Amino acid sequence: MTDAIKDLIKAQKETAPLIKNAINPHFRSKYADLGAVIEASMDAFHKNNFAVLQANGSDEHGAYVNTMLCHTSGHVFESKVYLALSKQDMQGLGSAITYARRYGLLGMAGLAAEDDDGNASVKSPTKATPPKQFNPDF
């Protein structure tokens, strides 16, 4: 595992700068989309003996995207991001999966994200509603 940790540190140091290439129309702010996160990190991971996998799954807590960094030594680093759907349809599911892939990879790469849709957290407080979980029977 020591080699895997050393290579992960090297990969994180070698990630390219994160380019904010998309605009959030709701907040008029720029952010790095999934393609930009992949572009900033994938070469560094591959160069340092990691394959990157992002698989969908579900457990007792709900649907998720599991980001895995698989090292050639056999060690695997994993991070699950659970899905919260804004709409119970395929567009809502696709959006949630993309969002989870983006944040899972940002975390594993040690990259900071622009607070694009997190801007909602600074709005005036409103009645909290629990996030909708993916329902395959929609």
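**View 1. Val 65 meets its bridge partner, Val 81, which sits in strand E5.**
This is a predicted model, in which local features need pLDDT of at least 70, side-chain atom pairs count only at pLDDT 80 or more, and totals for chains, interfaces and linings use all residues. Residues are numbered from 1 along each chain as its sequence is written, and side-chain values use heavy atoms, with hydrogens and water left out. Strand E4 (residues 62-71) and strand E5 (residues 76-82) run antiparallel, joined by 7 bridges. (Two strands pair if DSSP finds at least two bridges between them.) The hairpin of E4 and E5 has 4 residues between the strands, and in it Gly 74 takes a positive phi near 105°.

**View 2. Here is the whole protein, with 3 helices and 5 strands.**
Helices (H or I, at least four residues) and strands (E, at least two) are DSSP runs, numbered from the N terminus. Follow the sequence along and you get the pattern α-β-β-α-β-β-β-α. How much of the protein counts as buried? Of its 138 residues, 35% do, where buried means under 20% relative accessible area, exposed means over 50%, and partly exposed is in between (1.4 Å probe, protein chains only). Accessible areas come from the Shrake-Rupley method with a 1.4 Å probe; for residues, only the protein chains shown count as cover. Now for contacts, meaning heavy atoms within 4.5 Å: among those in the protein with a separation of 6 or more, 50% are between residues 24 or more positions apart.

**View 3. Glu 14 and Lys 47 form a salt bridge, with their closest N and O atoms 3.5 Å apart.**
This pair links distant parts of the chain, since Glu 14 is in helix H1 and Lys 47 is in helix H2 (residues 34-47), 33 residues apart. To count as a salt bridge, a side-chain nitrogen of Lys or Arg has to be within 4 Å of a carboxyl oxygen of Asp or Glu. The count by this rule comes to 2 salt bridges. Is Glu 14 buried or partly exposed? With 34% relative accessibility, Glu 14 counts as partly exposed, while Lys 47 is exposed at 61%. As a general point, side chains of opposite charge can pair when their charged atoms come close.

**View 4. Asp 59 and Lys 80 join their side chains in a salt bridge (3.4 Å, N to O).**
Distant parts of the chain are linked here too: Asp 59 belongs to strand E3 (residues 50-59) and Lys 80 to strand E5, 21 residues apart. Asp 59 is partly exposed, with a relative accessible area of 24%. Lys 80 also counts as partly exposed, at 41% relative accessibility.

**View 5. Met 1, Ile 5 and Ile 9 make a nonpolar patch on the surface.**
Together these residues have about 280 Å² of accessible area. Patches are made of residues with over 30% relative accessible area and no salt bridge; like charges are joined within 9 Å, and nonpolar side chains (Val, Leu, Ile, Met, Phe, Trp, Tyr) within 5 Å. Ile 9 is found in helix H1 (residues 2-14), and its 42% relative accessibility makes it partly exposed.

**View 6. Helix H3 (residues 90-109) spans 28 Å between its end C-alpha atoms.**
The buried residues of H3 include Leu 93, Ile 97, Leu 105 and Met 108. What do the buried residues of H3 pack against? They pack against H1, strand E2 (29-31), H2, E3, E4 and E5.

**View 7. Zoom in on Ala 109, which lies in helix H3.**
Ala 109 is buried, with a relative accessible area of 2%. Leaving out residues up to four places away in sequence, Ala 109 touches Gln 12, Thr 15, Ser 41 and Phe 45. Ala 40 is 69 residues from Ala 109 in sequence, yet their C-alpha atoms are 9.0 Å apart in space.

**View 8. Arg 28 and Asn 49 each have a positive phi.**
Most residues other than glycine have a negative phi. Arg 28, not a glycine, has a positive phi of about 55°; Arg 28 is found in the loop between strand E1 (22-24) and E2, and is exposed at 75% relative accessible area. For Asn 49, phi is near 75°. Asn 49 lies in the loop between H2 and E3 and, at 35% relative accessibility, counts as partly exposed.

Conventions: Expected span 1.5 Å × (residues − 1).
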